[in-house]
Amino acid sequence: MTTTSPPHIPLVDLVAQYQSIKAEMDQAIQGIIEGGHFIGGEPVGKFASAFAAYCQVPYCIPNANGTDAIELALASLGIGKGDEVIIPAFTFVATLEAVCNVGATPVLCDIDPHRFTIDPAKAISLVTLATKAIIPVHLYGQMADMDPLVAYAGDNSMFVIEDAAQAHGATYKGQRAGSIGDINTFSFYPGKNLGAYGDAGAITTKSEWLFTKVFKMVNHGRIAKYDHEIVGRNSRMDTLQAAILSVKLHHMEDWTRKRRAIADRYRHILADVQGVRLPRSYADSPGVYHLFVIRIEKEKRDDFRAFLKARGIETGIHYPISLSRLKVTTDQLKINTHCPEAEKASEEVVSLPIYPELTPDLQDYICDQITDYFK
C-alpha cells in the first residue's frame, strides 16, 4: 500500500517567480557582471526613472533598504530630537526604529481593525504641539485611509510620510502608493511584490527640493564626485539590484492582476467557512495583496497553523507582537500605551500562501484543508 505525500506549498515562492522570468533575469544579471560596474551608473538611473513613473511622481531616489529610506525621509524633513512622529502600533519594527534613529519620539496609534492600517481619527487625537509628522503604513498591500490624514496635516503644518513597503502599485482613490505623502518610502526586500535579490529600497516625492536633498544624503552628501556639500551616508542601491528590479517592474501589472484574482478566489471559496474572518476589499482603494491575511480566534490559531503545516501548507504571522507590546517599546523606550485593536490583531492574524505562480489546484487544496479543519 502506498501513501501520497502532501504537496509543499510555501508562503511565497521566489524560485517559481525566478523560473518564470529566468531568461530575462539571467541576461540582466550577466550584463551587469560583464560590464564590471557595480555601484551607480545607468541601470540605477533607469530604474529610478521607471519606478517614479510607475508611482506617478516626478522623483525617485533608489537607496540601500527600506529602513534607511524611512530614516532618510525623516531626516530630510528636519525631524529630530524633541519632535514626535505618529506611527501605527501594528507594523514591522523598522518604522519605529527609523523614528528613534533620527532622535525623534515615536507615538503609537491604534489601527482600523478592517484595513489593519492606522486609524485616522485616533491619529489626529494624538497630535500635540511637538508632532511633526504622521507615518501611515500601507499594510499587507492595503493602503491606509489617506484623505483625513493629508487634510489635517496640510491644515496644521505637519508632514505625511507614506511607508509603502508592502504596497507597490496599490492605489487610493486613483492615486498610487508613494504619490500622496510629502515624501514616501519603499522596501524591495526579496519577498515584497517588487523584490530585489538582497536588500534595496527607494524614496519617492513630488518635491524637487526634497529630491535633491535626499539624493545627496544617500551618496555621502554629494551630487558630483568628491564635491561633498553636506554630511551624508552610504545608502546607495547597487547596480545589480537595480537591474533585477527593472526586469521585475515590467511584470508588476500582470503579477498584481494574478494576486488580486487569487485573493478574490480565496474570498469566494472560504466565504461560508465559520471561524475564518476574511480581509475586506475596498472599491476606491484596491489592495495588491502582498499578503492575504485572515483572522482566527487566538485560542485556535496555533492549532490551525499546525494542522495546515502537517498537510504541507506554510503560513505566517505578520505580526505576532504589536509595537505597543514589544520589549524595545516597553523596556528600552519606556513607552507604555494600550492599542487594543493592534494587540488583538497580533493574536489572530494568519497569512495564507499568495504569489502569482500559485495554481488553482494548489489553492483549492489549501481551501479544502481550511474547510476540513473548521468542520
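Q56 has a relative accessibility of 44% and counts as partly exposed; buried means under 20% relative accessible area, exposed over 50% and partly exposed in between, for a 1.4 Å probe and protein chains only. The coordinates are a predicted model, in which local features need pLDDT of at least 70 and side-chain atom pairs count only at pLDDT 80 or more, whereas totals for chains, interfaces and linings use all residues. Residues are numbered from 1 along each chain as its sequence is written, and side-chain values use heavy atoms, with hydrogens and water left out. Q56 is located in the loop between α3 and β1; helices (H or I, at least four residues) and strands (E, at least two) are DSSP runs numbered from the N terminus. Its phi is near 65°, a positive value in a residue other than glycine. Most residues other than glycine have a negative phi, and most peptide bonds are trans.

Y140 is buried, at 5% relative accessibility, and sits in the loop between β4 and α7 (147-155). Its phi, near 65°, is positive although the residue is not glycine. Y140 is also among the residues closest to the centre of the largest cavity, together with Q142, P279, R280 and Y289; 17 residues line this cavity. On a 1 Å grid over the protein atoms alone, a cavity is a set of points where a 1.4 Å probe fits but cannot get out, a pocket is an open set with protein on both sides within 12 Å along at least five of seven lines, and lining residues have an atom within 4 Å of a point. The volume of the largest cavity is about 120 Å³, where a volume is the space filled by probe spheres set on the points, which are joined across faces, edges and corners. Its lining comprises 10 nonpolar, 4 polar and 3 charged residues; Ala, Val, Leu, Ile, Met, Phe, Trp, Tyr, Cys and Pro count as nonpolar, Asp, Glu, Lys and Arg as charged, and the others, Gly among them, as polar.

The largest pocket has a volume of about 590 Å³. Of its 27 lining residues, F92, Q166, Y189, K192 and Y319 are the closest to its centre. At least two lining residues come from each of α4 (66-76), α5 (94-101) and β8 (183-187). The lining contains 12 nonpolar, 11 polar and 4 charged residues.

**Close-up of the second largest pocket.** This pocket has a volume of about 380 Å³. Nearest its centre, of 19 lining residues, are G40, V44, F215, N219 and R236. The elements α3 (42-54), β1 (59-63) and α8 (208-218) each contribute at least two residues to the lining, which divides into 12 nonpolar, 4 polar and 3 charged residues.

Strand β1 runs antiparallel to β9 (residues 201-205) and is joined to it by 5 bridges, with I61 opposite I203. Of the 5 residues of β1, 4 are buried. Strands β2 (residues 84-88) and β4 (residues 131-134) are parallel and share 3 bridges; here E84 faces T131.

**Close-up of D68.** D68, in helix α4, is buried, with a relative accessible area of 16%. Beyond its neighbours within four places in sequence, D68 contacts N63, R233 and S235, contact meaning heavy atoms within 4.5 Å.

How values were computed: Two strands pair if DSSP finds at least two bridges between them.
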